[in-house]
Amino acid sequence: MTESIKKRVTELLLTFCMVTTGSVFVCAVYNNIFWSGDTFLDADILWQLLAMAFVCSLGNFIHPYREISRRRAVFNKGLHYVYINVVVLGSGYGFGWMDIENIFMLAAMMLGILVVFVVVSSVIWRLHIRESENLNRKLKEYQQAMGKTGQPV
Amino acid sequence: MKITIQDIAPGEEEEIIVRCRDLDEALLRMIHELKTRRGKFTVTDNDKIRQIDAGDIFYFEAVDNKVFLYLDRDVYEVRYKLYEIETEYANTDFFRASKSVIINLAKVKQFAPDFGGRFEAQMMNGERLMISRQYVPALKKRLGM
């Protein structure tokens, strides 16, 4: 398995775990607000959440490994957000989690999507910062090992 | 210091083996010289021919089928293709950072995260260059991560 495929699979699994966690959290809050009268939840909702989280995670493939411009990368991020909205709202409608005519339910669902998207993106950004810190540490070691000071020898 | 030169068979890769007790400063400097001063680039500067040490180069960039060599402040066009430089300088400080850029790792001040899983190389002369996502695993490998 090449490094890039390994990295993609790792990213997919990491995103899946984070999206699942976020979805369960949002589901708990959502149920307390809108379906608090229901004592028992249908067990199917667990599978539905996992399936939805997995399909959301597939949105990672919107960001290609090949080289793209910064503008394209920003556009893809927006497209990714739209994709997640379509998947979650589609799941909400398809699995009967929300009443489509209830504007508050729709707004709460969209707010939940935004919160999870921001949290997951922040965690990924933090990991990216840590990765760059490790790169910088290794770069310094590399440059020191070879006696490189940045000045022509 | 004893120097031994051995003949090798045609097609065999040339190799320098350093046998030592300790890698002292002088030896490191010599290895650095061997790695970075493997070649000089010939450029034309106002009809004058100039030789540029590979170790002084910050990066190469391909723009519209032309390849440019960037020093601290100056820029020269070179008569090489980017892939030729990449191949010729494969085991040196030069690193392919994107489709159109080869950077000198010795001239990188630091790396910073960038949008979409990419990194930005901040050079010692203040320039910022993009490291494409697809070249990040190779960069990590090069730096021993």
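Residues are numbered from 1 along each chain as its sequence is written, and chains are lettered from A in the order in which they are written. In this predicted model, local features need pLDDT of at least 70 and side-chain atom pairs count only at pLDDT 80 or more, while totals for chains, interfaces and linings use all residues.

**View 1. Chain B as a whole.** Chain B contains three helices and 10 strands; helices (H or I, at least four residues) and strands (E, at least two) are DSSP runs, numbered from the N terminus. Their order along the sequence is α-β-β-β-β-β-α-β-β-β-β-β-α. Taken along the principal axes, the box filled by the C-alpha atoms of chain B is roughly 50 × 45 × 30 Å. Chain B has 145 residues, of which 26% count as buried. A residue is buried if 20 or more other C-beta atoms lie within 10 Å of its own, exposed if 12 or fewer, and partly exposed in between, with C-beta atoms placed from the backbone. Among contacts in chain B with a separation of 6 or more, 33% join residues 24 or more positions apart. Two residues are in contact if their C-beta atoms, placed from the backbone, lie within 7 Å.

**View 2. The side of chain A that touches chain B.** Contacts link 28 residues of chain A with 30 residues of chain B. On chain A, α1 (3–34), α3 (70–94) and α4 (103–145) each supply at least two residues of this side. The largest share, 11 residues, belongs to α4(A). By class, the side of chain A that touches chain B has 11 nonpolar, 10 polar and seven charged residues. Here Ala, Val, Leu, Ile, Met, Phe, Trp, Tyr, Cys and Pro count as nonpolar, Asp, Glu, Lys and Arg as charged, and the others, Gly among them, as polar.

**View 3. Packing of α3(A) on α4(A).** The axes of α3(A) and α4(A) are 10 Å apart, and the helices pack at an angle of about 135°. That angle makes α3(A) oblique to α4(A). Axes are lines fitted to C-alpha atoms, for helices over the stretch in contact, and angles run from 0 to 180 degrees between N-to-C directions. Angles under 35 degrees count as roughly parallel, over 145 as roughly antiparallel, 65 to 115 as roughly perpendicular and the rest as oblique. The crossing of α3(A) past α4(A) is right-handed; a crossing is left-handed if the near helix is turned anticlockwise from the far one by less than a right angle, and right-handed if clockwise. From α3(A), A:Tyr81, A:Ile84, A:Asn85, A:Val88, A:Leu89 and A:Gly92 meet A:Met109, A:Met110, A:Ile113 and A:Phe117 of α4(A). This contact of α3(A) with α4(A) has eight nonpolar, two polar and no charged residues.

**View 4. Packing of α2(A) on α3(A).** Helix α2 (residues 44–57) of chain A crosses α3(A) at roughly 165°, and the two axes come within 9 Å. α2(A) is therefore roughly antiparallel to α3(A). The crossing is right-handed. A:Gln48, A:Met52, A:Val55 and A:Cys56 of α2(A) make the contact with A:Ile84, A:Val87, A:Val88 and A:Ser91 of α3(A). Six nonpolar, two polar and no charged residues take part in the contact of α2(A) with α3(A).

View 5. In chain B, three strands form an open antiparallel sheet in the order β8-β9-β10; two strands pair if DSSP finds at least two bridges between them. At the edges are β8 (108–113) and β10 (128–131) of chain B, each pairing on one side only. From one strand to the next the twist averages 30°. β8(B) runs antiparallel to strand β9 (residues 119–123) of chain B, with five bridges joining them. B:Val108 lies opposite B:Met123 in β9(B). From the other chain, α4(A) packs on the sheet and touches β8 and β9 of chain B; the direction of α4(A) makes about 165° with that of β8(B).

**View 6. The five-stranded sheet of chain B.** The order in this open, antiparallel sheet is β5-β4-β3-β7-β6 (chain B). β5 (75–78) and β6 (94–98) of chain B are at the edges with a single partner strand each, so one side of each has no neighbour in the sheet. Three bridges join the antiparallel strands β3 (residues 59–63) and β7 (residues 101–104) of chain B. B:Tyr59 stands opposite B:Ile103 in β7(B), and B:Glu61 has B:Val101 as its bridge partner. β6(B) and β7(B) form a hairpin with two residues between them, and four bridges join these antiparallel strands. B:Val101 and B:Ile103 point one way from β7(B), B:Ile102 and B:Asn104 point the other way, and all are buried.
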